[in-house]
Amino acid sequence: MQMRDILLSATADYKIQLTEEQLSKFEVFFKLLKQWNEKINLTAITDAQGVAVKHFADSLSILNFCEISQNAKVLDIGTGAGFPGVVLKIVRPDIQLFLLDSLKKRFLFLDALLHELDLGAEFLQGRAEEYGQDIDLRENFDLVVSRAVAQLNTLSEYCLPFVKLSGKLVAFKGSSAEEEVNLSKKAIQTLGGKLIKTHTFELPFEGGCRSLVEIEKIKPTPDKYPRNNGRIKAKPL
């Protein structure tokens, strides 16, 4: 099966229905990902089924569980090759997308990708804990998403400072999500968050168990957070 056919099948039960234009954009994404992955390490998954299911369908799963308002300001922390941020932008071009990553070479790929897709995004190259103290970015986003970056207690310190009051953090997790949530309750509360729900589901084509941890920002994050990276790692909340 071609990648587009696998993606159509994988999202058949999703709340969204992919258009021909969107499927064409995903084909471009897949093609460029494979080409660039030969030059720089973007992903270990490059086969059609793996990319369609474990990258594209997984990224799109958020739309089954979480409401994203029109023109929402969305930050993808540790975006890597654009998952889930660029995937969401393909199906929701109305969102104001910001992509944060520490490696410049990934932005070279993302810049080329967004140009080919005729989509726009703002790039933030650097560390989340440094940008999290930026007055222009702090508590300024409707939605912050992050996928495969860190344990939830650490991830919350990276992400929640960016989320505005009544906004959401959605963390993409695997089968150990409930265990991570149990170990992160203090951190989430300390940083001004409130756990809404952990959405657990199975990816199609035996893609494995996945979870989306949905956290709402209910009070401002104390000014001292996020701490520097050394302290975050040495003494996680």
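**View 1. Lys194 in strand E6 of a predicted model.** At 46% relative accessibility, Lys194 counts as partly exposed, a class that falls between buried (under 20% relative accessible area) and exposed (over 50%), as judged with a 1.4 Å probe and protein chains only. Lys194 lies in strand E6, residues 193–203, where strands (E, at least two residues) and helices (H or I, at least four) are DSSP runs numbered from the N terminus. This is a predicted model, in which local features need pLDDT of at least 70 and side-chain atom pairs count only at pLDDT 80 or more, while totals for chains, interfaces and linings use all residues. Residues are numbered from 1 along each chain as its sequence is written, and side-chain values use heavy atoms, with hydrogens and water left out. Leaving aside neighbours within four places in sequence, Lys194 is in contact (heavy atoms within 4.5 Å) with Ile188, Glu214, Ile215, Glu216 and Ile218. Lys194 and Lys168 are 26 residues apart in sequence, and their C-alpha atoms are 9.4 Å apart in space.

**View 2. Thr198, also in strand E6.** Thr198 counts as buried, at 14% relative accessibility. When neighbours within four places in sequence are left aside, the contacts of Thr198 are Ala177, Glu178, Val181, Ser211, Leu212 and Val213.

**View 3. The largest nonpolar core.** A nonpolar core is a set of buried Ala, Val, Leu, Ile, Met, Phe, Trp, Tyr and Cys residues joined through side-chain atoms within 4.5 Å. The largest one here has 52 residues, and those that touch the most other members are Leu7, Phe26, Phe29, Phe56, Leu60, Ile62 and Phe109. Helix H2 (residues 20–37) gives the largest share of this core, with seven residues. Which residues does Phe109 contact, leaving aside its neighbours within four places in sequence? They are Phe29, Leu32, Leu33, Trp36, Ile40, Leu42 and Ala81. In soluble globular proteins, nonpolar side chains tend to be buried together.

View 4. Met3 is placed in helix H1, residues 3–10, and counts as buried at 5% relative accessibility. Although Met3 and Ala48 are 45 residues apart along the chain, their C-alpha atoms are separated by 4.9 Å. Not counting residues up to four places away in sequence, Met3 touches Phe26, Glu27, Phe30, Ala48, Ala52 and Phe56. Helix H3 is largely enclosed by the rest of the structure, because ten of its 13 residues are buried. The buried residues of H3 include Gly50, Val51, His55 and Asp58.

View 5. On a 1 Å grid over the protein atoms alone, a pocket is an open set of points where a 1.4 Å probe fits, with protein on both sides within 12 Å along at least five of seven lines, and its lining residues have an atom within 4 Å of a point. About 650 Å³ of space lies in the largest pocket, where grid points are joined across faces, edges and corners and the volume is the space filled by probe spheres set on the points. Of its 30 lining residues, Gly78, Asp101, Arg147, Ala148 and Val149 are the closest to the centre. H3 gives the most to this lining, with three residues. By class, the lining has twelve nonpolar, nine polar and nine charged residues; here Ala, Val, Leu, Ile, Met, Phe, Trp, Tyr, Cys and Pro count as nonpolar, Asp, Glu, Lys and Arg as charged, and the others, Gly among them, as polar.

**View 6. The second largest pocket and the cysteines.** The second largest pocket has a volume of about 160 Å³, and Cys66 is one of its lining residues, together with others that include Lys15, Phe65 and Arg92.

**View 7. Backbone features in loops and a strand.** A cis peptide bond joins Phe83 and Pro84, with omega about 5°, and Pro84 is found in the loop between strand E1 (73–77) and helix H5 (85–91). Asp118 has a positive phi of about 60° although it is not a glycine, and Asp118 is exposed, with a relative accessible area of 67%. Ser166, in strand E5 (residues 163–173), has a positive phi of about 75° and is not a glycine either.
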